Amino acid sequence: MKKIAIIGAGPAGIEAASILAAHNFEVTLFEKSSTPLSNILDKAFLFPSSVAAADLVDELNAKLLHDNIQLICEKEIVNIKETNDECKLFDKDGKTYFASKVLITTGYTIFDAHRKEELGYGIYKGVISSLDLEKMIRHKQIKNSIDELPQRITFLQCVGSRDEKSGNNYCSKICCVTAVKQAIEARKLLPQAEIYIFYMDLRMWGQTFEELYRQSQEEYDIRYIRGRISEASATFDGKVQIKSEDTLIGQPLKMTTDLLVLMCGMEPSPGTKTLAENCQIAGDYHFIQTIDPHLHDNETAQTGIYVAGSAKRPMSIRDTLSDAAAAAMQIMSDCQ
Amino acid sequence: MAISFGFTISQTRVVNMDNCDFGKLHQLERITPSFKKCMNCGACTATCSAQQFVSFNIRKVKSLYTMGQLGGLDKELAKCMLCGKCTLVCPRGLNLRPIIMNMRKLLTTK
C-alpha cells in the first residue's frame, strides 16, 4: 500500500484523504492545531445556500473515520525533501516521516486588519472584522460597542485585498459574496437597521452569487455604495464616523455608523508560507506555485509534492473541495 | 465694503448621511419596489432620447435620489420625455416610467 502524507486537516486535506483512503492508499494527515477544520468552525453559515457551517464540519469529520486514514494533530511539518522516489517530512522538532507523495493543504489565514491603521481596527470598538461579525451571527446577537442593538451597519470591501499598501494586489475573491451573506444574516437579526456595503466592484463570480446579491437588494433592503472608505474615527458616543466618496454621484460622503465591518481578505497561512519557502515552491505573495494553471494545477516544481486548496490562491470552500479531489486523482495516476 | 480675494467659499459638497432624509426614498420604494434592484450600469442613460439633446443623466438622478440628495432633481426629471427606451434596455427589469412619474410626484409633494 502506497503511503501518502497530507499536511493540513482543512476541507482540502480531509477531502483528498478520504478519496485516497477509499482507493487503498495509506494516508497520514498532519494538523498543526488541536482540531481539524478550524477555519470553517469560525463560520456560522456558508454562502451561497446558507447551510450551517457546523453541518459541513460534521460531514467532513465523518469522512475521517476510515481505517486507512491516520490523523495526527498538533504536529507542524516545516520541510519536505524528496530523494529516491521518496519524500522525507520534517516536523518542527526535527522528527522525520516518510511518504511516497506529499499533498500540501495548509490553506489561508485571514488578513490582519490591524495593518490598516486608518480604519481603526483594534483602536475603536465599533470597528470589527468580518470574522468578528461571523462570531456575532453564530451567537445570534449583534451589538454595537456600547452593547445596544445597532441602527446602522456598514461593510467595507477589499480590506487587505486589491491594495498595494497592504502588499496584496490580488482579489481575495470570496469577500464580496461573504459581505452579501453576512448582510442578509444581519438583516434577519436586525429588521430595523440600515445596512450599507461599500464596494469598488462587486465580483459575483460563482453560481447563484449574482442572484443572492439581487435578493439582498430586493428582499433584504441592503444598500450598496460604490467607493472605498478611506478613514474611520470614533464619535464621543462610541460610534464610528467614516469618510468615503460616492463615486456614482461624484461627491464625498460621511456618515456615522454603529459598526464598521472590515471584509478582510485571504493571505497564505504561516504554515503555507513556511513550506513554500523551505521547499522552494513559493509563488506570488508566498502562496504555493503550481507548474501550470491549466493542466498541472496541483503539481509543484518539486517532484512528489502536490498542493490543493487555498494554499495556492484564495478559494471558496466549494472550489477547495473540487481542487482536493483533482489533487487526489493526480496523485493516484502518478503512483501507477 | 467687503474685500474681494478673487475667490469665495462655496457650500460644502460632502453628503452627510446623518442628516439625509430618506423618507421620499422609502415612499418611492413602496410604490415601485423594482427601484431597489438598480445596479448602476447606466444602460438607461446611454439609450436615453432626452440625453442626446440636453444634459440629463437618469442613472445619476437615481443615484442622487437614493442618497437623499433631492435638490434640483424635479427640474432634472422635467427633461424626461417618458419615451420608455430606458425600460426596454434595463437588465434588472426596473419599470422606469412609473418610477420617474412617481419621483416627480413625490418631489413636488411636501
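Modeller: In this predicted model, 13 residues of chain A are in contact with 14 residues of chain B. On the side of chain A that touches chain B, α6 (209-218) and β17 (251-257) each supply at least two residues. The most comes from β17(A), with six residues. By class, that side of chain A has five nonpolar, three polar and five charged residues.

The strand β17(A) also pairs across the chain boundary. Two bridges join β17(A) to strand β1 of chain B, residues 15-16, and the two strands run parallel. Within this pairing, Leu253(A) has Val15(B) as its bridge partner in β1(B).

The residues of β17(A), 251-257, lie within the bounds of domain 2 of chain A, which is 113-265. Domain 1 of chain A is made of two segments, 3-107 and 269-335. The centres of the two domains, taken over C-alpha atoms, are separated by 32 Å. Between them, nine residues of domain 1 are in contact with 17 residues of domain 2. The side of domain 1 that touches domain 2 has six nonpolar, one polar and two charged residues.

The largest nonpolar core has 68 residues, and Val261(A), Leu262(A) and Met263(A) have the most contacts inside it. Helix α5 of chain A, residues 175-189, gives the most to this core, with eight residues. Apart from this core lies another, of 45 residues, including Ile7(A), Ile77(A), Ile281(A) and Ile305(A). In soluble globular proteins, nonpolar side chains tend to be buried together. Leaving out residues up to four places away in sequence, Val261(A) touches Ile128(A), Ser130(A), Leu133(A), Ile153(A), Thr154(A), Phe155(A) and Leu156(A).

Strand β6 of chain A (residues 77-83) and strand β7 of chain A (residues 86-91) run antiparallel and are joined by six bridges. Asn79(A) stands opposite Phe90(A) in β7(A). The hairpin has two residues between its strands, and Asn84(A) takes a positive phi near 45°. Asp85(A), in the loop between β6 and β7 of chain A, has a positive phi near 65° and is not a glycine. Asp85(A) counts as exposed because 9 C-beta neighbours lie inside 10 Å, and a residue is exposed at 12 or fewer.

Other backbone features are found elsewhere in the chain. Gln280(A), in the loop between α7 (270-278) and β20 (305-307) of chain A, also has a positive phi, about 55°, although it is not a glycine. Gln280(A) is exposed, with 10 other C-beta atoms within 10 Å. A cis peptide bond joins Phe47(A) and Pro48(A), with omega about -5°. Pro48(A) is in the loop between β3 (45-46) and β4 (51-52) of chain A.

Finally, Lys2(A) is in the segment before β1 (3-7) of chain A. Lys2(A) has 15 other C-beta atoms within 10 Å, so it is partly exposed. Neighbours within four places in sequence aside, Lys2(A) is in contact with Phe25(A), Glu26(A), Ser100(A) and Cys335(A). The C-alpha atoms of Lys2(A) and Ile40(A), 38 residues apart along the chain, are separated by 30 Å.

Conventions. Residues numbered from 1 in each chain as written. Chains lettered and ligands numbered in written order. Predicted model: local features only at pLDDT ≥ 70, side-chain atom pairs only at ≥ 80, totals over all residues. Pairing = 2+ DSSP bridges. Helix = DSSP H or I, 4+ residues; strand = E, 2+ residues; numbered from the N terminus. Core = buried A, V, L, I, M, F, W, Y, C linked by C-beta atoms within 7 Å. Buried ≥ 20, exposed ≤ 12 C-beta atoms within 10 Å, placed from the backbone. Contact = placed C-beta atoms within 7 Å. Domains from an automatic or database assignment. Nonpolar A, V, L, I, M, F, W, Y, C, P; charged D, E, K, R; others polar.
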